[in-house]
Amino acid sequence: MTLRIGILSILLSLAVGCAGPIAKGPKYTPHKTLSKSEAIIYVYRPEANDGTTVCLKLLIHDQEKGCLNNLGFLKVRLKPGTYTITLQANAFMEPKILEFTEAFKGGKAYYFEYYFSNQGGRPPTEAVATKYIPILSGYHILLPKSENAAQSDLSILSESI
C-alpha cells in the first residue's frame with residue numbers, strides 16, 4: 001500500500017503537461033557588486049510547462065531557502081564555503097529531485113537553471129545534477145549557466161516568494 005501511495009505521489013508531482021504554480025514576486029534585477037565575504041546563488045526555472053506540477057523546495061544543507069515556482073527564481077546569499085544544494089518536490093512524501101555539492105567563492109554569483117527534458121538523448125555533460133524518471137522518459141536537469149546567459153534568462157522571470 002505504501003509503495004502505491006509513493007508511486008502515485010511521484011506521478012502526481014511530476015505529471016507532464018501540467019504547469020505548476022507561477023512565480024508572482026518582483027521581477028529580477030541584477031545584484032550589486034559582492035564583497036569577498038559573500039557569494040550569491042540563483043536557481044531559476046524558465047519554463048511554465050516543465051513537467052512538474054509543484055514548486056521545488058530549495059534546500060541548502062537541509063535548510064529550506066524558498067520554493068522555486070515556474071517562471072521564477074530564488075536568490076540566496078551565502079558565506080564562502082562548500083554546500084549541498086537540493087531541489088525537493090513540495091508534495092506528499094516530498095521526493096528529492098536533484099542534489100549536488102559545490103564550493104562557492106566569495107565575491108562571485110552562481111547561476112543554475114532547472115528544467116525537465118523528455119526530448120530524448122542524454123542530459124548535458126556540464127549539468128551539476130540530473131535524475132532520470134523512467135515513467136516520464138525524461139531527465140530533471142540542473143545546469144550551471146554563465147552570467148551573461150543567465151542575465152538574459154532571468155530578465156523575464158519573477159522571484160518565487
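Me: I've read that rings of Phe, Tyr and Trp (its six-membered ring) count as a pair if their centres lie within 6.5 Å. By this rule, what does the count of aromatic pairs come to here?

Reply: First, keep in mind that you're looking at a predicted model. By this rule the count comes to 9 aromatic pairs.

Me: Okay, let's take Tyr28 and Phe73. What kind of aromatic pair do they form?

Reply: The general idea is to check the angle between the ring planes: under 30 degrees is stacked, and over 60 is edge-to-face. Tyr28 and Phe73 have 85° between their planes and sit 5.6 Å centre to centre, an edge-to-face pair. Tyr28 is in the loop between α1 (2–13) and β1, while Phe73 belongs to strand β4, so this pair ties together parts that are 45 residues apart in sequence. Both Tyr28 and Phe73 are buried.

Me: And what about Phe104 and Tyr110: what is their pair called?

Reply: Their ring centres are 4.8 Å apart and the planes meet at 85°, so the pair is edge-to-face. Phe104 and Tyr110 are buried as well. The two rings also belong to one aromatic cluster, together with Tyr83, Phe100 and Phe112.

Me: Now the nonpolar core. Which residues touch the most other members of the largest one?

Reply: The general idea is to look for buried nonpolar residues joined through side-chain atoms. The largest core here has 28 residues, and Ile41, Ile85, Leu87, Phe104, Phe112, Tyr114 and Leu142 touch the most other members. Two or more residues come from each of β1 (39–45), β2, β4 (72–78), β5, β6, β7 (109–117) and β8 (129–133). There's a second, separate core too, with 11 residues, among them Tyr28, Leu34, Tyr44 and Ala150.

Me: Let's zoom in on Leu142. Which residues is it in contact with, leaving aside neighbours within four places in sequence?

Reply: Leu142's contacts include Val43, Leu87, Leu98, Phe100, Phe112 and Tyr114, as well as Ala127, Val128 and Ala129.

Me: How do I read a strand like β1? How many of its residues are buried?

Reply: Buried means under 20% relative accessible area, and in β1 that holds for 7 of its 7 residues. Ala39, Ile41, Val43 and Arg45 point one way from β1, and Ile40, Tyr42 and Tyr44 point the other way.

Me: Last one: is Ser158 buried or exposed?

Reply: Ser158 is in strand β10 (residues 158–159). Its relative accessibility is 8%, so Ser158 counts as buried. Its side chain reaches the backbone oxygen of Gly25 at 3.5 Å. Not counting residues up to four places away in sequence, Ser158 touches several others, including Lys24, Pro26, Leu71 and Phe73.

Key
Residues numbered from 1 in each chain as written. Predicted model: local features only at pLDDT ≥ 70, side-chain atom pairs only at ≥ 80, totals over all residues. Heavy atoms only, no water. Core = buried A, V, L, I, M, F, W, Y, C linked by side-chain atoms within 4.5 Å. Buried < 20%, exposed > 50% of the residue type's maximum accessible area, 1.4 Å probe, protein only. Helix = DSSP H or I, 4+ residues; strand = E, 2+ residues; numbered from the N terminus. Contact = heavy atoms within 4.5 Å. Polar contact = N/O pair within 3.5 Å; in protein donor to acceptor, adjacent residues only side chain to side chain.
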